[in-house]
Amino acid sequence: MKIKKVIIACGIIVLSLLKLSGQTQAIKFVDAEKYWKTPKDTVLVINFWATWCKPCIEELPCFEKINSRFPNKKIKVILVSQDYASDMDTRVNPFLKKKGIMSEVWLMNEKDPNTWIDRVSPGWSGAIPATLIVLPNGSYEGLYETSFTCEELYLLLEPLVK
Amino acid sequence: MKTLLLILLVVAVPLIGNAQGMSIGEKPAVQLASGYAPGDRAESFSLKNVDGAQVSLDNFSDAKGFIVVFTCNHCPFSVAYEDRIIQLDKTYKSLGYPVIALNPNDPQIQPEDSYDNMKKRAKQKKFSFPYLLDEGGVYAHKYGATKTPHVYLLQKKADGLSVAYIGAIDNNSKSGAEADQKYLENALKELIAGKEVSVKTTKAIGCSIKYSKS
């Protein structure tokens, strides 16, 4: 009985370590868009970033802390990497592991950004960092082509996560 | 004052509503405000080159226009495009469209983008074109550039420099060989053939321009 408990505990630890290791999921834009636009009971905070983008990396901790900043609220962070798909295992995943990133990470597996940037927002030039906020009904609240301080980001999210 | 700034930022920053075009909020007060659209007249400039000399667009009497590229030293996308930019200059300078590169980044924010490092990079890569210091990002701001690399193809007309194309060089930042849409070159070929540019704007992911915080 005791052994069984130990095994279960070990399993949980292993699982949580797996989660810690930050595995990136490569995704096509159409699939990403489909998920974002599907109504759910959650506000989505979708941050476009890359390992080579200094201001992006500087604001990542603010996104990481969203769930603890808004406990018991339905809010989900997705970090969408603009790194090359070929850099996923060599660069992106090691970076996530090193920084201990716990948020869900996708990698936009598309070659031509011109085919999808306007579908995120016609007002987005393609500069990163940029953040898209999706309301629970699947509509886009806004695309923010800017860096955030934690305070600015939380001020923006506060009224959305009633 | 800080609170006021913060409120201003949060209120003013939302760019656009949703993809259906229901825009909410106002245009951001800083950085992304104005800028050119195709067909606009672009302001000429005279800026300091990596060799210390001033370079003015007004002094290229033989040119039919310019390939103005906002770029920098540090951004991996800019670096990935360097060889393609050199090639573009080699091909199109003799056809009347030389490359003019400008670095608008504030070295206080991104030290790799300092003037000294511009000089080093231009030497290393043997830039065949002027690489100008756009101090304070003045012209990037005027033109409406938001990221590096960000291209403005200008055509000389009787009443000034007409913006013919804005956007990306091609559709594959990683590999020019794999790019099957050479947006800028297509626009150049159309201009040279005396045609109207068919694709006037494109978008690409890029490093946000590090504007001075003043």
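Two residues count as being in contact if their C-beta atoms, placed from the backbone, lie within 7 Å of each other. The views below show a predicted model, in which local features need pLDDT of at least 70 and side-chain atom pairs count only at pLDDT 80 or more, while totals for chains, interfaces and linings use all residues. Residues are numbered from 1 along each chain as its sequence is written, and chains are lettered from A and ligands numbered from 1 in the order in which they are written.

**View 1. Chain A in outline.** Chain A has seven helices and seven strands; these are DSSP runs, numbered from the N terminus, of H or I over at least four residues for helices and of E over at least two for strands. Along the sequence, the elements follow the pattern α-β-α-β-α-α-β-α-β-α-β-β-β-α. Among the contacts of chain A with a separation of 6 or more, 74% link residues 24 or more positions apart. Of its 162 residues, 38% are buried, a label given when 20 or more other C-beta atoms lie within 10 Å of a residue's own (12 or fewer: exposed; in between: partly exposed), with C-beta atoms placed from the backbone.

**View 2. The open sheet of chain B.** Follow the eight strands in the order β1-β9-β8-β4-β5-β6-β2-β3, and you will find mixed pairing. Two strands are taken to pair if DSSP finds at least two bridges between them. At the edges are β1 (41-42) and β3 (54-56) of chain B, each pairing on one side only.

**View 3. Strand β5 of chain B and its two partners.** β4(B) and β5(B) run parallel and are joined by four bridges, with V69(B) partnering A101(B). The path from β4(B) through α2(B) to β5(B) is a right-handed β-α-β crossover, meaning that with the strands pointing away from the viewer, the path from the first strand over the helix to the second runs clockwise. Three bridges pair β5 (residues 99-103) with β6 (residues 131-133) of chain B, also in the parallel sense. Here A101(B) has Y131(B) as its bridge partner. Helix α2 (residues 76-92) of chain B packs on the sheet and touches β4 (65-70) and β5, its direction making about 150 degrees with that of β5(B); axes are lines fitted to C-alpha atoms, for helices over the stretch in contact, and angles run from 0 to 180 degrees between N-to-C directions. β5(B), helix α3 (residues 115-124) and β6(B) make a right-handed β-α-β unit.

**View 4. Two covered faces and a nonpolar core.** In a regular strand the side chains alternate between the two faces of the sheet. In β5(B), V99(B), A101(B) and N103(B) are buried on one side, and I100(B) and L102(B) on the other. I100(B), I67(B) and L153(B) touch the most other members of the largest nonpolar core, which has 86 residues; such a core is a set of buried Ala, Val, Leu, Ile, Met, Phe, Trp, Tyr and Cys residues joined through C-beta atoms within 7 Å. Strand β2 (residues 43-49) of chain A gives the most to this core, six residues.

**View 5. Around S208(B).** S208(B) lies in strand β10 (residues 206-208) of chain B, and counts as buried because 25 C-beta neighbours fall inside 10 Å. Beyond its neighbours within four places in sequence, its contacts include P55(A), I128(A) and T146(B).
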